[in-house]
Amino acid sequence: MIMRNNASHQRTPCIVNQTDETREWAMRVVLADDHPIVLGGLRAVLQAEPGVEIVAAAPDGASALAMIRAHEPSMAVLDINMPQLTGLDVLEALEAEGLSTRVVLLTGSASDEQIATAVERGAWGLLLKESALGTLITCLRAVASGQRWLPEELVAPAVRRAAEQRARDVRLERVLTAREYQIARLIAQGLSNKHISRQLSISEGTVKIHLHNMYEKLGALNRTSLAMLVQNAQGPRRTYAG
């Protein structure tokens, strides 16, 4: 399903038809993926498309950002998860710098939070890598013509769950101090008082004092019930995998 924003800066997508897909289109594209086979495959597929010029291909986010700044392409196709800078980091930098390159994000797996962040930062397209190559071409044509490709069945539930998760995190953080919340999360990860003290560079005695205070604030009986409260607050972490 293709969705777009009527105004270039509007973030809320709506459904549109596909009549513009047959319009003539030309694009200068930067590609970025840390898997050489994927990067090579993307280059080969897009180079075969009329009107597409691959101006650069990058193995990481930092290189991709440098190439986008240097070439100012009309579009960038970026993996979400890359070394040095993620696709989301690159997207944030482009938005901050006011560059007009339209970003399409590809991913083998994406969490609800990543999808929500991509939408918030103005991604023009979002595709799982399991999508057919023909879908990628259709997506790029839509984006080139000014439409956003954000599949409603993928984006809408992810954005909703991410918002619910953020609300749960905020509630817990309002009850606990920043240090208590930090320790509570480490407890939920199964760390002992000794390991927590080493990681945070505080004494075990200080850890025990914070634990006592948290038990009283949250009504927890012990570290096990505390861990369960934190895990329930964090909720299930969904990941879409391709």
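Author: The sheet and what packs against it

Five strands form an open sheet in the order E4-E3-E5-E6-E8, and their pairing is parallel. Neighbouring strands are turned against each other by 20 degrees on average, direction ignored. Strands (E, at least two residues) and helices (H or I, at least four) are DSSP runs numbered from the N terminus, and two strands pair if DSSP finds at least two bridges between them. This is a predicted model, in which local features need pLDDT of at least 70 and side-chain atom pairs count only at pLDDT 80 or more, whereas totals for chains, interfaces and linings use all residues. Residues are numbered from 1 along each chain as its sequence is written, and side-chain values use heavy atoms, with hydrogens and water left out.

Consider strand E3 (27-32). E3 is mostly covered, since five of its six residues are buried, where buried means under 20% relative accessible area, exposed over 50%, and partly exposed in between (1.4 Å probe, protein chains only). E3 pairs with E4 in the parallel sense over six bridges, and the bridge partner of Met 27 in E4 is Val 52. E3 also pairs with E5, again in the parallel sense, over four bridges; here Val 30 stands opposite Ala 76 in E5.

Strands E6 and E8 pair in the parallel sense over four bridges. Thr 107 stands opposite Leu 128 in E8. Helix H2 packs on the sheet, where it touches E3, E4 and E5, and its direction makes about 140 degrees with that of E4. Helix H3 lies across E5 and E6 and runs at about 170 degrees to E6. Contact here means heavy atoms within 4.5 Å; axes are lines fitted to C-alpha atoms, for helices over the stretch in contact, and angles run from 0 to 180 degrees between N-to-C directions.

Helix H5 also meets the sheet. Leu 136, Ile 137, Cys 139, Leu 140, Ala 142 and Val 143 of H5 are buried. The buried residues of H5 pack against strands E3, E5, E6 and E8 and against helix H1 (36-47). At 1.5 Å a residue, the 12 residues of H5 (residues 133-144) should span 16 Å, and the end C-alpha atoms are 17 Å apart, which agrees; the expected span is 1.5 Å times one less than the number of residues. H5 is followed by Gly 146, whose phi is positive, near 100 degrees.

Charged side chains connect several of these elements. The count comes to eight salt bridges, a salt bridge being a side-chain nitrogen of Lys or Arg within 4 Å of a carboxyl oxygen of Asp or Glu. One of them joins the side chains of Glu 49 and Arg 141 at 3.6 Å, N to O. This pair links distant parts of the chain, for Glu 49 is in the loop between H1 and E4 while Arg 141 is in helix H5, 92 residues apart. Arg 141 counts as partly exposed because its relative accessibility is 29%.

Helix H3 takes part in two further pairs. The side chains of Glu 97 and Arg 69 meet in a salt bridge at 2.4 Å, N to O. Glu 97 lies in H3 (residues 87-97) and Arg 69 in H2 (residues 61-71), so this pair ties together parts that are 28 residues apart in sequence. Glu 97 is partly exposed at 38% relative accessibility, and Arg 69 is partly exposed at 42%. Arg 121 forms a salt bridge with Glu 92, their closest N and O atoms being 3.7 Å apart. Arg 121 sits in the loop between helix H4 (112-120) and E8, Glu 92 in H3, and the two are 29 residues apart. Arg 121 is partly exposed with a relative accessible area of 22%, as is Glu 92 with 39%.

Finally, Asp 33, Asp 79 and Lys 129 are linked in a network of salt bridges.
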